[in-house]
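Please open the structure in your viewer and keep the selection tool at hand.

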Amino acid sequence: MTDSATADRIRENWHCVQDDVQQAARAHSRPADAVQIVGVSKYVDTATTAMLIDAGCHCLGESRPQVLWQKAEQLMDQEVAWHLIGHLQRNKVRRLLKCGPCIESVDSQRLLQAIADESLAQGRVTRVLLEVNISGDEAKTGLLPAELPGLLESLPSQGVQLDGLMAMAGWGTAPAEARKQFAETRLLRDRLTDQTGVPLPHLSMGMSGDFREAIAEGATIVRIGSRLFEGVIQQ
Ligand SMILES: *Cc1c(COP(=O)(O)O)cnc(C)c1O
């Protein structure tokens, strides 16, 4: 594929995904702009990531911190809101925070505290989501629902803005079953807010294969990767 054919295909994919997300929102009586799309660029190099930005996607997700900061440095002249969606080790927090990312994958109290401390040191407030292991899948990362109330009772008072929850359906989960897990995530959020008084307005859930189900259950953020690169990468 030539570069310009690749760029055209990515632009077309981006417009299709936007249409589908807006349509799913409308189908559930939600405003068309109720759902933010994070374009997951982890499958492609920096040059191809730049094509997605050119197409109009300015919110990008990466699962590896070092890839996120490399791309952020190489694409510094672009306006991008970066989201980290994969595991973060505490020794990578300092360098990562320099990119001012939203961290969707906070999976422990210690990590949350480290992000808060380093954010304070850097004079910033970092937007974070708590990753919940909703499928109960042992292989999966994320906090167990039972761990959340304790964590919410002892949130760092500065440095982080806790915006909500992130969840993934278990691997190979059929869309109908995924929808149940997304509904459980929303109910968990509602219970937690009732119990602790902490507002958790955002729900990041849904990927290429199950974003419609996630939007039906109240997702405000969907993380879409492979659909954006259809016809561009081997899937
Ligand atoms: C890779 C990834 C995605 C995107 O998945 P696709 O199925 O390619 O859309 C979303 N969320 C997380 C946490 C991921 O690791």
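Begin by selecting the ligand, which sits in the largest pocket; a molecule sits in a pocket if more than half of its atoms lie within 2 Å of the pocket's grid points. A pocket is an open set of points on a 1 Å grid over the protein atoms alone, where a 1.4 Å probe fits, with protein on both sides within 12 Å along at least five of seven lines; lining residues have an atom within 4 Å of a point. The model is predicted: local features need pLDDT of at least 70, and side-chain atom pairs count only at pLDDT 80 or more, whereas totals for chains, interfaces and linings use all residues. Residues are numbered from 1 along each chain as its sequence is written, and side-chain values use heavy atoms, with hydrogens and water left out.

Next, select the pocket lining. It comprises 28 residues, and Lys42, Met168, Trp171, Met207 and Arg223 lie nearest the pocket's centre.

In Ser208, a side-chain N or O atom is 2.5 Å from an oxygen atom of the ligand. In Arg223, a polar side-chain atom lies 2.8 Å from a ligand nitrogen atom. In Ser226, a polar side-chain atom lies 2.7 Å from an oxygen atom of the ligand. Taken alone, the ligand exposes 390 Å², of which the protein buries 89%; these accessible areas come from the Shrake-Rupley method with a 1.4 Å probe.

Definitions and conventions: A polar contact is a pair of N or O atoms within 3.5 Å; within protein, one must be able to donate a hydrogen and the other to accept it, and residues adjacent in sequence count only if both atoms are side-chain atoms.
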